[in-house]
Amino acid sequence: QKNRNLPPGPWNLPVIGYLAWLDPKSPYLTLTNLSRRYGPIYGLYLGSIYTVVVSDAKAVKKTFNKDAACGRAPLHLTHGIMKGYGLICAEGELWKDQRKFVHNTLRALGASRVGQNREKMQNLILDDVQELVQYIKALGDKAVVDPLELLRHNLGSVINKVVFGVSWPRDDETWKWLQDLQEEGTKLIGIAGPLNFLPFLRFLPKSKQTIRFLIEGKQKTHEMYKKIIDEQRELMKNGDEVSNFIQAFLAEKEKRRGTDSYNKFYNDEQFHHLLADIFGASLDTTLTTLRWYLLYLAAHEAIQQKIRQQLCDILGDNPPTLEDMSALSLLEASIAEVQRIRSVVPVGIPHGSLDQLEIAGYVVPKGTMIVPLQWAIHMNPEIWEEPDLYKPERFIDDQGKFFKPESFIPFQTGKRMCVGDELARMFLFLFGATLIQNFYISCEDKNNIDLNGDCGITLTPKPHKLVFAKL
Ligand code: HEM
């Protein structure tokens, strides 16, 4: 290692590397412990894949700003199953083109800090927020519910409108099927982790079954997309302004007619993978963050009351709007603090090196998986005093304003940072503020509040119920 100037790291077994010692339920904890021992940049083998783990926010930023670090890790999931299509798994020219297209489309649809469609997007979200509030109120003065299904329907409903231009009722069969598939798929991707690193596991019957489920699920959703795309194509004939992702893609494809990119980047295969990526990347992450947020509010009733007081002082009885965001510093801070204390992607979304590159003086070879270890960064006691405590005031400056410390990277940083961060901020703010304004939220069993998560592709709260008491 010294001769090749690789980062330090633990001893690895042949073939399986460090996988034998990785806690399968909480791999982020094993990796965090190693970072305390070997430092903020260390290397190890996960199966056959050489991996560099970075647990320093500055180093993540510097690294992920380099073109050579903008690839995806050489995993079976990204390269074998998704075949490099879509956005999350794409690389090179395809990634650059589609990233720009997705970024511009989100802005044009109103998911941006400024612009005329911001209010349109806000109203689209608020419609579903209000529907959720009415639904919970109809369940009784003190509704005891698992927030998972409620939030998934209404968050998903906004996302369906933005991505597909479709709005399904709560009990629609296609919508239920899509949600179940998404949940099962996410679970299996988590379980299929070792498949990514140990190619020979793919030949075991159990693994074959998992891979078949993922591939069949993908094919079935793509079939469904085809029908929705045809409907949207018809609607576009009215000549109205583009109002969702499908229409934006069709319009962009038309613009590219006669150029190389028409077939290369705007083909059906890419289209379907891209739709699945936007849907999956936005629903899972915002849903999980909101679930954690409500659970933490229920477990910290005094903090919840302080946030409600600020809402009342600033808004009175008016519903929240995005204009109010900067004045509601405690609300913003309490959301950020939950994103810190329960990173929804605790090991981060890994990158892959497209070329040899330098990270903090070490030389990292081409084809390395680079892990931005969010958990270690967000729970580092040298940066965050008493990191295990929920303290929204960490994100409030001397003037009482919300601020983001450099070591806070739930959306990661650099050239490949989450493209939907603004949309996520809108979702979390509008759903969070409205629910606190309308309900007193508490835990069903106050003596048994479990704030530990289950780790698949995301870190999710364990199944739980909350009490929503009407205010
Ligand atoms: C709280 C909510 C969210 C969190 C915590 C989150 C987090 C992340 C992270 C950590 C990445 C990896 C960035 C990297 O590779 O460096 C990512 C990528 C991505 N996110 Fe999000 N995200 C959220 C919401 C959304 C939403 C609402 C959208 C909707 C458009 C979205 C779309 C994407 C896409 C398409 C990528 C892939 C970008 C690329 O590979 O270039 N995300 N997200």
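A residue is called buried if 20 or more other C-beta atoms, placed from the backbone, lie within 10 Å of its own, exposed if 12 or fewer do, and partly exposed in between. The model is predicted, and local features need pLDDT of at least 70, side-chain atom pairs count only at pLDDT 80 or more, while totals for chains, interfaces and linings use all residues. Residues are numbered from 1 along each chain as its sequence is written.

Helices (DSSP runs of H or I, at least four residues) and strands (runs of E, at least two) are numbered from the N terminus. Helix H4 covers residues 92-109, and its buried residues are Trp 95, Gln 98, Phe 101, Val 102, Thr 105, Leu 106 and Leu 109. Seen down the axis of H4, these buried residues fall within an arc of 140 degrees (taken from the directions from the helix axis to the C-beta atoms), so they line one face of the helix. On the other side of H4, Glu 93 and Lys 100 are exposed. An α-helix has 3.6 residues a turn, so residues three or four places apart point the same way. Just after H4, Gly 110 takes a positive phi of about 110 degrees.

Elsewhere, an open sheet has three strands in the order S4-S12-S9, with antiparallel pairing, where two strands pair if DSSP finds at least two bridges between them. Strand S4 (142-145) and strand S9 (439-443) stand at the edges with a single partner strand each, so one side of each is left without a neighbour in the sheet. Five bridges join S9 to strand S12 (residues 466-470), and Phe 439 has Lys 470 in S12 as its bridge partner.

Notes: Expected span 1.5 Å × (residues − 1).
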